[in-house]
Amino acid sequence: MNLFMKPLFSEPATASDYRYLAKQKLPRFLFDYIDGGANAELTLERNCSDFNSLQLRQKVMRDVSHVDVATTLLGHDCALPLALAPVGMSGMMRQRGEVQAAKAASQVGVPFTLSTMGVCPVEEVNQAASRPCWFQLYMLKDRDAVLSILSRVKKAGCDTLVFTVDLAMPGLRHRDTRNSLSSTTARGKMSRAWQIAQRPSWVMDVGVKGKPHILGNLSEILQNTSDFSDYAKFAAAQFDPSVTWDDLVWLRQQWSGKLIIKGVLDIDDAKRSVDIGADAIVVSNHGARQLDSAPSSISVLPSIAKAINGDVEILMDGGVRNGVDLVKALILGANGAMIGRPWIWAVAAKGEQGLVDYLSLFKQEVQYTMALLGVNQLAELSPDLLYQ
Ligand code: FNR
């Protein structure tokens, strides 16, 4: 960082501070890959602005000397009702990025979710962290490959699978197109990533003898892959647009552990997930990277929570940036929330310690917000604490 790029603060505190630092560190195309949303980015804007427009009802003179934010999610102890969302290629944002994130998450006491498209293998992530990660799965055309991933994930110690249902087609992210990074120009994208991986100053994981450990969770399938462009072709060919609820029935039969269905915005889809045997759902628009003009996750959460009526746990994500946002989500019916971009920004900016610091302040924000709302227990967070 040169003199002219000196940050306006000595220590980052908020998600936007880490975003600012990540922007200084990452090459433009990688920063945009994380930051961007689909099409005109209308949903991207709403994911945050809908949180911001919710107003909390301050309550004073209550005894709030015993605020407790610890809970369980899917039976796992959590220091606060938060989990790190799966982010593809996150290992590229810092050396062994997913390992650093998983270590930070276990230090703070929240689950980390490793993406199918993660750079670091599930075995390495679980070995490094003191609690097993959750594993996110996309349905691949090659169902034998899916079965082999499931058995590998189970063997590595994961008991919670996050199955993502909102990626019938990868969204059109125009920032990626502008940076030659879209799935239609995969060759350009990957060769640029490859070139950057060769730079000695780059923080990206360049692996053994300069060969990237790319996509650890697909490594068995990709064993003959020599560079990124092979991977891009493979990934584009493996996303399966023909997936239906029947495949989910099949998946439920194959996976005996906890199953979370991620990417639900519609009441009927939420109920169907429950009928199929999901243990939880994530109300999510994929961080606004899929259907543009879909509603923000926070705006549909109350109706879904009402329809599900406590049958399964409900997580939500999209636009959660701080502890105040999390409290709003809990008030509107979520059992917990996930964050995507914020954890990537923190890891890209300051590695494992950056994420520990960000999550620790996030937890404090939850505690302080609850105290100023006059409540000690998460169960006391109810809609009467919001101005309607
Ligand atoms: C994602 N997300 C995602 N989801 C998933 O199920 N599998 C994946 O591989 C990815 N990859 C991915 C990459 C990037 C760069 C981003 C930003 C997001 C979606 C992610 O899990 C989560 O739903 C959103 O990021 C939540 O929104 P916020 O917190 O980023 O606003």
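**Close-up views of the predicted model**

**View 1. Pro111 and its surroundings in a predicted model.** Pro111 is placed in the loop between helix 4 (97–108) and strand 4 (113–114), in a structure that is a predicted model. Pro111 counts as buried because 24 C-beta neighbours lie inside 10 Å, where 20 or more are required for that class. Leaving aside residues up to four places away in sequence, Pro111 touches Leu73, His76, Cys78, Ala83, Leu84, Ala105 and Trp134. Val366 stands 255 residues from Pro111 in sequence, and the C-alpha atoms of Pro111 and Val366 are 17 Å apart in space.

View 2. Eight strands make up an open sheet with parallel pairing, and their order is 3-10-9-8-7-6-5-4. Strand 3 (82–84) and strand 4 stand at the edges of this sheet, and because each has a single partner strand, one side of each is left without a neighbour in the sheet. Helix 12 packs on the sheet, where the helix touches strand 8 and strand 9 (313–317), and the direction of helix 12 makes about 170° with that of strand 9.

View 3. Strand 4 and strand 5 (residues 134–137) run parallel and are joined by two bridges; Leu114 has Phe135 in strand 5 as its bridge partner. In a regular strand, side chains alternate between the two faces of the sheet. Strand 5 is covered on both faces, with Trp134 and Gln136 buried on one side and Phe135 and Leu137 buried on the other. Trp134 is also one of the residues touched by Pro111.

**View 4. His286, annotated as an active site.** The UniProt annotation "active site", which comes from an unreviewed entry, covers His286. The residue is placed in the loop between strand 8 (280–283) and helix 12 (297–308). His286 counts as buried, since 26 C-beta neighbours are found inside 10 Å. When residues up to four places away in sequence are not counted, His286 touches Asp166, Leu167 and Gly263.

**View 5. The shell around the ligand.** Around the ligand there are 23 residues, of which Ala85, Gly88, Ser115, Gly287 and Gly340 come nearest. By residue class, the shell divides into eight nonpolar, 11 polar and four charged residues.

**View 6. Two loop residues with positive phi.** Asn39 lies in the loop between helix 2 (28–35) and helix 3 (42–52), and its phi is near 50°, a positive value in a residue other than glycine. Asn39 counts as partly exposed because it has 17 C-beta neighbours inside 10 Å, a number that falls between the limit of 12 or fewer for exposed residues and that of 20 or more for buried residues. Met89, which lies in the loop between strand 3 and helix 4, likewise is a residue other than glycine with a positive phi, here near 65°. Met89 is buried, with 21 other C-beta atoms within 10 Å.

**View 7. The chain as a whole.** The secondary structure of the chain comes to 14 helices and 10 strands, and buried residues account for 50% of its 388 residues. Of the contacts in the chain between residues at least 6 apart in sequence, 71% join residues at least 24 apart.

Conventions
Residues are numbered from 1 along each chain as its sequence is written. This is a predicted model: local features need pLDDT of at least 70, side-chain atom pairs count only at pLDDT 80 or more; totals for chains, interfaces and linings use all residues. Helices (H or I, at least four residues) and strands (E, at least two) are DSSP runs, numbered from the N terminus. Two residues are in contact if their C-beta atoms, placed from the backbone, lie within 7 Å. UniProt positions are given in the numbering used here, feature names are shortened, and annotations may be inferred rather than shown by experiment. A residue is near a molecule or strand if its C-beta atom, placed from the backbone, lies within 6 Å of it. Ala, Val, Leu, Ile, Met, Phe, Trp, Tyr, Cys and Pro count as nonpolar, Asp, Glu, Lys and Arg as charged, and the others, Gly among them, as polar. Two strands pair if DSSP finds at least two bridges between them. Axes are lines fitted to C-alpha atoms, for helices over the stretch in contact, and angles run from 0 to 180 degrees between N-to-C directions.
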